Amino acid sequence: MTARRRETDPGIGRLSLRIGAAVALGMAVAASIVLALTSLQFSRELDASLYKEMGKLMPPSAPRDTASVADRVIRRAASRSTSMKIALLYDASGRRIVGRVDLPLQRAGLVTLSYRDGDSKPKDGRAFTIRLPDGAHLTVLHHDEMKEVVRDMLPALVLCLALFGALMGVLASRTMARMIAARLALTRTTADAIAAGDLSQRVPVDDREGIFAAQAQSFNRMIARMEEMVEGQRHFASHLAHDLRTPLTRLRALLTRESNDPADFATLRLAAERECSAIIATFEALLRLSEIEAGRHDAPRTALMFDDLLEDVANSMEPVLVEAGCALAIGPFEPAILMGDRSLLLQLFMNLLDNVARHTGPGTRARIAMHREGAEAVVSLADDGPGLADADRARVLRPFERGNDKSANRGSGLGLAIAKAIVGFHDGSLRLLDGAPGMIVEIRFPAHQPAPMSEIGDLAGISGSTERSVIPVA
């Protein structure tokens, strides 16, 4: 724990200083902006007061000659004991004739200036000057105290705020950095345990930690998915070894048998070839499954008349089911266009119908049909055989998993896994439902509705097997 703290503290310290400096700079800039805006607002109010004072000295109906204005200025100054506003009157030559402040004549309008009012310390001020009809000038001067306050306070205020911001930034960032470091340490400990092979580890989750809790939950979901995948690989390897052990054992027994009889030798050779064929078929199915799931199937998708394809498969497989003692009802099939790989789809439905023939038993009645639901084509293969328990229906879709068929004709356990992969390759979904009795295989594909020739025209060259045209399903 001490070593870990020494490892993380330098990083935390550097991060804290950077954040503290950023906060200090932000506080200094904010203080400067606030004082500048305050000074600007005060200047606007100061200008308004200068206009108001000038209006009192120069009412609209009052005479505007120099003598009358001088009289009004003197009387107004005498009526106020103290005032920050000072009125100054200049004759036509620019000589000051009224006013206590020694200030040269300013240009007309508003000006910012510095002046002295009986002492040696300069003052900041704002002056408003107008020209009288006889050439004299009247100036109203106001002490700009706020400007002096801002100039005097700005350095100290900025420094104090910067220091306070730096201190708070450092403290807040160190607290946050330590909290993040603690959370990362938990995640790193879990990751180290997973790297060592313990996939049961999870990052502790505290719902009060907000984004950290969400991150931990996401990390835990990833670990759970990894654990599921690793367990699936172990399960897969175990089943593969179990499924290959029997044919390999039989093959070894056949190869070690000695016989001088040519007829017996030929029989042994045929049996050995069958075992080899079974092993090769298993590996070919695995390669097929791997290619489909990885999206490495190279054949392009073409527009297929899905109802025609299903009818062809059903008619081809019906004798197989009849030979197994089963009955197959075919249809109805609503017209639909499916973008897909014909060979994969043929394999899919031939395998499903073959499963009915091999695993349901004599006397089973089955039906394959297809209808449209919106933009989907829904295929249902229902039988009244023994069916599967609820827990088994999800399990048998995994490789090497089998149902409750105890006969010798059990198969490799890859058929439904390949079927599910083919359906996924065509962006569809496959579900095993309770037929009560029996089971229903429901497959949904995105499809299109064929349009009459009179509306759309010929669809020549799309699939080579139909002349019906295609419009999207509404």
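User: In what order do the strands of the open sheet with mixed pairing stand?

Analyst: Strands of a sheet pair through backbone hydrogen bonds, in either the parallel or the antiparallel sense. In this predicted model, the order is β7-β9-β10-β12-β11, an open sheet of 5 strands. At the edges stand β7 (327-333) and β11 (429-434); each has a single partner strand, so one side of each is left without a neighbour in the sheet. On average, neighbouring strands of this sheet are turned by 15° against each other, direction ignored.

User: In which sense do β7 and β9 pair, and over how many bridges?

Analyst: Strand β7 pairs with strand β9 (residues 365-373) in the parallel sense, over 5 bridges. To find this pairing in the structure, one may look at Leu328, which stands opposite Ala366 in β9.

User: Which helices lie across β7, β9, β10 and β12?

Analyst: Helix α6 (residues 306-323) lies across β7, β9, β10 (376-383) and β12 (439-446), and runs at about 170° to β7. Helix α7 (residues 342-359) lies across β7, β9, β10 and β12 as well, running at about 170° to β12.

User: What is the strand order of the open sheet with antiparallel pairing?

Analyst: That sheet has 5 strands in the order β2-β1-β5-β4-β3. Its edge strands, β2 (96-98) and β3 (109-115), each pair on one side only.

User: Let us turn to charged side chains. How many salt bridges are there?

Analyst: Side chains of opposite charge can pair when their charged atoms come close. With a cut-off of 4 Å between the side-chain nitrogen and the carboxyl oxygen, the count comes to 13 salt bridges. One of them joins the side chains of Glu53 and Arg76, at 2.6 Å from N to O. This pair links distant parts of the chain, with Glu53 in helix α1 and Arg76 in helix α2 (residues 66-79), 23 residues apart.

User: How many residues apart are Arg358 and Asp354 in helix α7?

Analyst: Arg358 and Asp354 are 4 residues apart in helix α7, so about one helical turn separates them. They form a salt bridge in which the closest N and O atoms are 3.5 Å apart. Arg358 is partly exposed, at 30% relative accessible area, and Asp354 is also partly exposed, at 23%.

User: Which strands hold the salt-bridge partners Arg431 and Glu442?

Analyst: The side chains of Arg431 and Glu442 meet in a salt bridge of 2.8 Å, N to O. Arg431 is in strand β11 and Glu442 is in strand β12; the two residues are 11 apart and link distant parts of the chain. Arg431 is partly exposed, with a relative accessible area of 44%, whereas Glu442 is buried, at 11%. Both residues belong to a network of salt bridges that links Glu373, Glu376, Arg431, Glu442 and Arg444.

User: Which residues make the nonpolar surface patch?

Analyst: Leu25, Val29, Ile33, Leu37 and Leu40 make a nonpolar patch of about 470 Å². Among them, Leu37 lies in helix α1 (residues 2-57). Leu37 counts as exposed because its relative accessible area is 54%, over the 50% limit for that class.

User: What do the totals say about the chain as a whole?

Analyst: The chain has 10 helices and 14 strands. Of its 474 residues, 36% count as buried. The accessible surface comes to about 26900 Å², and 58% of this belongs to carbon and sulfur atoms. As for contacts between residues at least 6 apart in sequence, 62% join residues at least 24 apart.

Terms used: Residues are numbered from 1 along each chain as its sequence is written. This is a predicted model: local features need pLDDT of at least 70, side-chain atom pairs count only at pLDDT 80 or more; totals for chains, interfaces and linings use all residues. Side-chain values use heavy atoms; hydrogens and water are left out. Patches are made of residues with over 30% relative accessible area and no salt bridge: like charges are joined within 9 Å, nonpolar side chains (Val, Leu, Ile, Met, Phe, Trp, Tyr) within 5 Å. Accessible areas come from the Shrake-Rupley method with a 1.4 Å probe; for residues, only the protein chains shown count as cover. Buried means under 20% relative accessible area, exposed over 50%, partly exposed in between (1.4 Å probe, protein chains only). Two strands pair if DSSP finds at least two bridges between them. Axes are lines fitted to C-alpha atoms, for helices over the stretch in contact, and angles run from 0 to 180 degrees between N-to-C directions. Contact means heavy atoms within 4.5 Å.
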